[in-house]
Amino acid sequence: MSTIDPMAERTRFLYNGLTASLPISLLAGVVLAWVHWGLVSPALILGWLSLLAGATALRATQLLSFRRAERQGQGHGRVWLSRFRGGALTMGLAWAVGAGVLSQSGDTQAQFFLAFAMAGISAGVMIALATDRVSALLIVGPMLLILGLALVLPGDGLTPMAGAIVLLFLLFITLMSGRIQTSFEDNFRLRQQAESQRGVIRNNELRWRFALEGSGQGLWDWDMISGQVYYAPRWARMLGHESAELEPVLRSREERIHPDDRMRVHATLNAHLRDETSLFEAEYRMRHRDGHHVWVHDRGQVIERTSSGKPIRLIGIQEDISDRKRVEHSLHEERQLFATGPVALFIWESVDDGRVLYASENVQDLLGYTREELTSPEFNYADLIHPEDVARVLNEHHDHALSKVRQFEQSYRLRHRGGHYRWFYDITRPERDEAGRIRRIRGYLFDQTRLKETEDALLQSERQNRALLEAMPDLVLRFNSEGRYLDWHSGNTALLYAQPDRFIGKTLSQVLPDQAAWTIYEGIHSVLLHGRMRRVEYSLDIGSATHYFEARLVKLNDSEVVAVVRDVTTQKQAAERINQLAYCDALTQLPNRRLLMENIRHAMASGQRSGQHGALLFLDLDHFKALNDTYGHAVGDLLLQQVAGRLREAVREADTVARLGGDEFVVMLEDLELVEEEALQQARQVGQKILDALGQPYDLDGMEYHCTPSIGISLFHGRRLDVEELMRRADQAMYQVKKTGRNGMHVFHASTTRLLQFPTQDRH
């Protein structure tokens with residue numbers, strides 16, 4: 001039971017009051033100094049203010065020290081009250097000096113103001129420190145004593161009256177502070193008495209609650225007249241509820257009883273209510289808030305009946321017995337284990353005798369023999385053991401008997417009554433007497449026939465897998481999570497980048513180049529993390545050639561991965577060739593129409609996002625047909641190849657140069673300016689560069705030849721046009737150049753070309 005220490009409470013109250021009183025005291029001193037500044041020597045006023053500030057700082061330090069000590073549990077000693085009183089005396093002396101200094105003003109009005117200011121400060125101090133009159137007098141006493149002397153000694157007419165008023169006011173405040181301190185101490189006593197009463201009540205409540213909660217039981221109280229039922233917190237918590245969640249009626253209990261138990265519980269309860277039994281007692285299941293059921297042991301008794309014997313109140317105590325029920329169930333399962341389970345128990349006398357003393361009930365299910373047949377005097381346990389196993393089993397029994405081990409294990413076959421044999425795993429425990437001699441042998445036999453059949457099937461499967469592995473031409477590697485080589489197999493050792501003795505036990509980064517090692521390691525990490533097959537590709541320089549490999553990574557277990565590696569160099573080269581044929585012009589190796597169309601669509605999408613323009617330059621060589629007709633296609637092809645080379649050199653690497661067929665070329669420019677006029681100016685500059693480059697003489701197998709292009713330009717911005725329309729516009733602009741004399745360029749403008757009709761005949 002806790003009590004209140006009056007001294008500690010008073011000390012805490014005094015120190016807490018400093019938080020407000022110290023700044024107010026310092027502010028009052030500043031105000032008085034300001035009022036008397038022109039009436040008293042400034043040096044004296046400043047000296048007094050410094051003394052007052054020092055006293056204030058001392059008391060603030062005391063406050064901080066007290067709070068630190070209180071946090072450490074050391075703020076309750078008498079020494080802190082003594083320190084407070086010492087600080088109060090220091091502050092009183094500081095104010096006494098101030099009273100002496102400020103009273104020298106010689107001004108009647110100022111002295112009157114000083115007298116009442118000091119009286120007001122004294123009143124505040126006496127009220128604030130009413131709980132400790134000693135501290136209050138240590139501040140007020142020196143201050144008023146000096147003030148009274150200073151005001152009376154000069155003989156001024158007004159000062160005796162002011163001194164009398166101050167003394168009367170001090171007497172009044174002293175009387176009031178006494179009453180405040182008496183009230184404060186009475187409050188202490190009342191609080192102590194209340195705390196003592198609460199302690200007694202709390203202790204009694206704790207004893208009652210400990211007795212009920214410690215027993216693990218929950219109370220329910222049924223008032224049959226009102227129909228109300230009180231459910232104690234422990235009762236509600238058994239079912240995962242709080243008391244406030246349960247409606248205080250009998251239905252809250254009844255509806256939670258398991259349907260299979262409800263009728264039995266009601267019958268037992270009604271028998272007690274009819275006074276047929278002295279006590280209601282039942283074990284049943286109740287539904288928990290989470291949905292599962294808990295077993296409870298419920299006991300109750302009618303504690304009040306009417307004169308006619310009708311029950312009007314019943315109190316019950318309920319206990320959670322789920323753990324006990326689980327133990328009982330486990331014991332029942334253990335008993336059933338040797339009655340119907342897969343484990344048989346044999347007890348036989350000795351290795352040499354072999355007579356069976358006991359066989360569990362389930363032995364007939366496992367071996368087909370009855371217990372009586374096995375325990376007959378003519379039967380020997382060794383007769384059940386397979387002929388190929390009997391010598392080994394008996395020898396191991398002899399060896400273990402001599403070594404005096406407490407338990408050993410064996411696997412062997414026992415004959416079924418039907419003539420076939422079944423595999424058993426035998427945990428044998430010899431029972432010895434005090435001298436260490438074996439009295440009998442206890443064997444727990446687990447039927448592992450199916451396990452052996454599974455092992456045989458696994459061995460067969462392993463042999464088949466090994467055969468398949470030997471027939472595979474691929475390289476098979478096994479890695480751990482660190483990318484370390486654990487094992488390998490290959491039907492083609494030419495696939496090995498290094499010999500096994502140089503990579504087994506090492507990591508990928510120690511064997512392969514960095515890029516290939518990182519690619520495979522990233523795949524290993526992904527497979528272990530997600531559990532899905534991952535396919536990675538990498539290349540290695542083997543000999544003088546570069547080989548491309550495809551590795552299929554499969555998770556083997558939580559820390560290992562199997563990789564099936566195949567050389568796909570031929571397929572890679574074939575795919576690249578097919579891709580080249582599909583997207584490149586065979587003569588010039590430039591992108592063909594198909595790749596050009598894809599690049600234009602990509603450029604349109606990019607421009608849609610960035611807001612930048614693009615341009616299409618449609619080129620047609622002037623008089624190319626005449627060159628072909630005069631010198632043949634071989635010379636014409638040579639010209640086309642040189643034109644392709646000059647076009648690539650005339651544009652940026654990011655731009656696209658394509659051949660549509662014949663002597664038609666297209667240059668696509670991307671990422672031009674945002675403003676249309678500036679973008680058009682860029683396109684014209686590129687067009688002029690192409691005109692200059694293609695206008696230079698060509699060397700066609702020793703023949704100097706001059707050839708000029710006609711260029712049509714069409715701008716595009718985002719996806720405002722489809723690709724076919726853009727190509728048509730550039731083609732129309734090129735045709736305008738053809739009409740006006742060739743060897744030039746023209747920009748498509750819808751207003752000038754919309755009505756033009758273009759012939760379909762050859763333009764060359």
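## Salt bridges within helices

E455 is partly exposed, with a relative accessible area of 35%. In this predicted model, E455 forms a salt bridge with K452. The closest N and O atoms of that pair are 3.7 Å apart. Both residues belong to helix α14 (residues 449-471). They are 3 residues apart, which puts about one helical turn between them.

R326 and D323 are both exposed.

The structure holds 33 salt bridges. One of them joins the side chains of E245 and R289, at 3.3 Å from N to O. E245 sits in the loop between α7 (233-238) and α8 (251-254), while R289 sits in the loop between β3 (280-287) and β4 (293-305). The pair therefore ties together parts that are 44 residues apart in sequence. E245 counts as partly exposed, at 41% relative accessibility.

Salt bridges also form a network, which links E388, D389, R392 and R413. Side chains of opposite charge can pair when their charged atoms come close.

## Helices α3 and α4

Helix α3 (residues 78-102) packs against helix α4 (residues 108-128). The angle is about 170°, and the axes lie 11 Å apart. An angle over 145° counts as roughly antiparallel, so that is how α3 and α4 are arranged.

From α3, the contact uses W95, G98, A99 and L102. From α4, it uses L114, M118 and I121. Of these contact residues, 6 are nonpolar, 1 is polar and none is charged.

## The antiparallel sheet

Five strands form an open sheet in the order β7-β6-β10-β9-β8. The pairing is antiparallel. Neighbouring strands are turned by 30° against each other on average, direction ignored.

Strand β6 (residues 343-348) pairs with β10 (residues 438-447) over 6 bridges. In this pairing I347 stands opposite R442 of β10. Helix α13 (residues 387-403) lies across β6, β8, β9 (421-432) and β10. The helix runs at about 150° to β8.

## Two hairpins in that sheet

Strands β8 and β9 run antiparallel and are joined by 8 bridges. L414 stands opposite R422 in β9. These two strands form a hairpin with 5 residues between them. In its turn, G419 has a positive phi of about 105°.

Strand β9 also pairs with β10, in the antiparallel sense, over 9 bridges. There, R432 stands opposite I438 of β10. The hairpin of β9 and β10 has 5 residues between the strands. G436 takes a positive phi near 90° in this hairpin.

## A closer look at E409

E409 lies in strand β8. With 40% relative accessibility, E409 counts as partly exposed. Leaving out residues up to four places away in sequence, E409 touches Y425, D426 and I427. H397 is 12 residues from E409 along the chain, and their C-alpha atoms are separated by 9.9 Å.

## The mixed sheet

Another open sheet has 5 strands, in the order β17-β18-β16-β21-β22. Its pairing is mixed. The edge strands are β17 (656-661) and β22 (744-747). Each has a single partner strand, so one side of each is left without a neighbour in the sheet. The twist averages 20° from one strand to the next.

Strand β21 (residues 709-716) and β22 pair in the parallel sense over 4 bridges. S710 has G744 of β22 as its bridge partner. Helix α23 (residues 723-739) packs on this sheet. The helix touches β16 (614-621), β17, β18 (664-669), β21 and β22. Its direction makes about 145° with that of β21.

Conventions:
Residues numbered from 1 in each chain as written. Predicted model: local features only at pLDDT ≥ 70, side-chain atom pairs only at ≥ 80, totals over all residues. Heavy atoms only, no water. Salt bridge = Lys/Arg side-chain N within 4 Å of Asp/Glu carboxyl O. Buried < 20%, exposed > 50% of the residue type's maximum accessible area, 1.4 Å probe, protein only. Axes fitted to C-alpha atoms, helices over the stretch in contact; angles between N-to-C directions. Parallel < 35°, antiparallel > 145°, perpendicular 65-115°, else oblique. Contact = heavy atoms within 4.5 Å. Nonpolar A, V, L, I, M, F, W, Y, C, P; charged D, E, K, R; others polar. Pairing = 2+ DSSP bridges.
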